[in-house]
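This report describes selected features of the structure shown below.

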Amino acid sequence: MIEVRQLNKYFGDLHVLKDVDLKVAQGEVVCLIGASGSGKSTLLRCINFLERAQSGEIYIQGRLVNPGKDDLDKIRQEVGMVFQLFNLFPHKNVLENVIEAPVMVKKIPVKQATEEALALLEKVGLSDKAESYPSQLSGGQKQRVAIARALAMRPKIMLFDEPTSALDPELVGEVLAVMKQLAREGMTMIVVTHEMAFAREVANWVVYMDEGRIVEVSKPAQIFDAPREARTREFLRRVLQTNNQQSATA
Amino acid sequence: MGIFEWSATFYGLLVASAPIFIQATILTLKLTAAALGIGILIGLVFAMMKISTNRLFSCIADAYITVIRGTPLIVQIFWIYYGLAPVLDVPAFWAASLGLAIHNGAYIAEIFRGGIQSISRGQMEAARSLGMSYLLAMRRIILPQAFKRSIPPLGNQFIIGLKDSSLAAFVTMPELFMTAMRRAAHQPGYALEYYTIAGAYYLALVVIFSFLVRKLERRLDVDK
């Protein structure tokens with residue numbers, strides 16, 4: 001479905017992705033974990049070419065993408081993305097946010113796009129908010145609209161870039177629930193996340209990144225219970241400790 | 001002459017000259033509308049060029065903005081009127097409008113650029129991630145938001161443009177200022193009165209225009 005080979009990305013002198021290899025099969029959910037600055041988000045943004053890697057190959061649905069020559073707009077139609085800060089269009093209401101790309105890019109008639117959008121809004125539990133503007137929604141609702149907006153293009157793959165990191169703790173669950181449902185329906189997903197419980201429950205593979213390198217790729221049970229790499233163990237010990245402290249205070 | 005008598009004279013002149021000044025006002029408004037209409041188009045094109053990643057485009061936009069902001073408007077109007085108009089057979093009205101448009105366009109380009117750059121990068125990224133092209137994302141997502149944010153400084157620029165249209169008098173346009181000059185020459189001793197009348201017309205136009213802009217701002221909820 002998606003394959004990344006020997007990807008290298010620099011921001012100026014900073015080497016942010018180092019010889020990254022990653023393979024995601026159809027219907028799999030892969031969670032990327034690691035400290036901030038480890039390159040998780042950059043990897044995700046390289047996969048839909050919001051960032052251009054300096055070297056390496058990216059295959060989408062078996063085809064090597066040549067970012068200089070291929071129509072990236074076409075490729076991005078197949079690769080949905082959900083952002084940490086939602087990035088809804090504030091001058092458009094919820095329904096208009098969802099139908100914008102299907103109508104303007106795929107030239108789907110407004111009536112048909114609206115029907116599909118309403119079905120998607122129902123799926124994410126926001127049928128009653130179709131006429132609302134983003135400024136009238138909570139963070140969790142915004143993110144669910146953003147997911148519906150990405151799904152409206154009928155992508156083959158969904159990329160999630162820390163989709164719950166900007167949410168108040170009590171709103172995280174509603175977004176994760178939508179993502180779990182998507183995973184159950186067989187959507188191929190790559191999720192950058194700090195939600196370890198989500199990764200353990202939903203992921204087929206968990207990828208631990210550190211300083212621009214993939215350190216470990218394991219099944220969730222293995223990585224959380226018996227990580228192979230010392231660095232993974234150290235990272236998870238710190239993260240899970242903080243999580244426990246938080247739940248203890250809460 | 002006391003203030004009372006002067007007021008009576010002034011009032012008499014104001015009423016007597018109303019027909020000709022109203023005609024001049026219409027010309028002033030036509031000049032301003034043409035100048036700002038074209039100026040907005042110029043501003044939009046050069047703002048897009050300036051933020052372009054294409055070095056050639058951004059350099060051209062830079063050069064344009066630097067030259068136009070760095071030279072006096074009256075020089076620009078004369079360039080077009082005496083330099084270009086005879087060669088290309090441009091009527092005085094369009095020479096003046098074009099001079100004003102090119103001048104205002106440089107300032108409007110900077111207003112639009114600021115508006116576009118004030119929109120968070122995430123908006124463009126979200127639009128592109130949905131498969132929209134750069135230009136489609138600009139047109140549908142970025143520019144509507146940027147334009148709304150540009151309205152307050154744009155209103156300010158329009159007021160400047162309206163008053164700057166008085167310089168069209170120097171390329172034979174019988175607009176408000178030219179009319180005042182002609183009347184003053186025609187009736188020596190009443191220069192103060194006629195220039196005051198011209199000023200009053202400009203002031204009235206600016207007040208009405210400011211009111212309309214404020215209404216538009218409130219309608220569009222510019223703060224949001």
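## The largest pocket

How much space lies in the largest pocket? In this predicted model, the largest pocket holds about 760 Å³ of space. Its lining comprises 21 residues, and those nearest its centre are T53(B), R121(B), M124(B), R128(B) and Y134(B).

Elements of both chain A and chain B contribute to the lining of the largest pocket. At least two residues each are supplied by α2 (72–78) of chain A and by α5 (92–117), α6 (121–129) and α7 (134–164) of chain B. The greatest contribution is that of α6(B), with four residues. Sorted by class, the lining of this pocket contains ten nonpolar, four polar and seven charged residues.

## The enclosed cavity

The structure contains one cavity of 30 Å³ or more. The volume of the largest cavity is about 40 Å³. Around it stand V98(A), P102(A), A113(A), E116(A), A117(A), L120(A) and A152(A).

Two helices of chain A, α3 (94–104) and α4 (110–123), each provide at least two residues of the lining of the largest cavity. With four residues, α4(A) accounts for the largest share. Six residues of the lining of the largest cavity are nonpolar and one is charged, while none is polar.

## The six-stranded sheet of chain A

Chain A has an open sheet of six strands, arranged in the order β6-β7-β8-β3-β9-β10 with mixed pairing. Strands β6 (79–82) and β10 (213–218) of chain A are at the edges; each has a single partner strand, so one side of each is left without a neighbour in the sheet. From one strand to the next, the twist averages 20°.

The pairing of strand β9 (residues 205–210) of chain A with β10(A) is antiparallel and extends over five bridges. Within β10(A), S218(A) stands opposite V206(A). Helix α1 (residues 40–47) of chain A packs on the sheet, where it touches β3 (29–33), β6, β7 (157–161), β8 (188–192) and β9 of chain A. The direction of α1(A) makes about 150° with that of β7(A). Helix α6 (residues 169–184) of chain A also packs on the sheet, touching β3, β7 and β8 of chain A, and its direction makes about 145° with that of β8(A).

## Strands β1, β4 and β5 of chain A

Strand β4 (residues 55–60) of chain A pairs with strand β1 (residues 2–11) of chain A in the antiparallel sense, over five bridges. It also pairs with strand β5 (residues 63–64) of chain A, again in the antiparallel sense, over two bridges. Y59(A) takes part in both pairings: Y59(A) is the bridge partner of E3(A), and L64(A) in β5(A) is the bridge partner of Y59(A).

Two residues lie between the strands in the hairpin of β4(A) and β5(A). There, Q61(A) takes a positive phi near 50°.

## T179 of chain B

T179(B) belongs to helix α8 (residues 176–186) of chain B. Is T179(B) buried or exposed? Its relative accessibility is 6%, and because buried means under 20%, T179(B) counts as buried.

Apart from neighbours within four places in sequence, the residues in contact with T179(B) are I20(B), F21(B), A24(B) and P174(B).

Terms used:
Residues are numbered from 1 along each chain as its sequence is written. Chains are lettered from A and ligands numbered from 1 in the order in which they are written. This is a predicted model: local features need pLDDT of at least 70, side-chain atom pairs count only at pLDDT 80 or more; totals for chains, interfaces and linings use all residues. Side-chain values use heavy atoms; hydrogens and water are left out. Buried means under 20% relative accessible area, exposed over 50%, partly exposed in between (1.4 Å probe, protein chains only). Contact means heavy atoms within 4.5 Å. Two strands pair if DSSP finds at least two bridges between them. On a 1 Å grid over the protein atoms alone, a cavity is a set of points where a 1.4 Å probe fits but cannot get out, and a pocket is an open set with protein on both sides within 12 Å along at least five of seven lines; lining residues have an atom within 4 Å of a point. Grid points are joined across faces, edges and corners, and a volume is the space filled by probe spheres set on the points. Ala, Val, Leu, Ile, Met, Phe, Trp, Tyr, Cys and Pro count as nonpolar, Asp, Glu, Lys and Arg as charged, and the others, Gly among them, as polar. Axes are lines fitted to C-alpha atoms, for helices over the stretch in contact, and angles run from 0 to 180 degrees between N-to-C directions.
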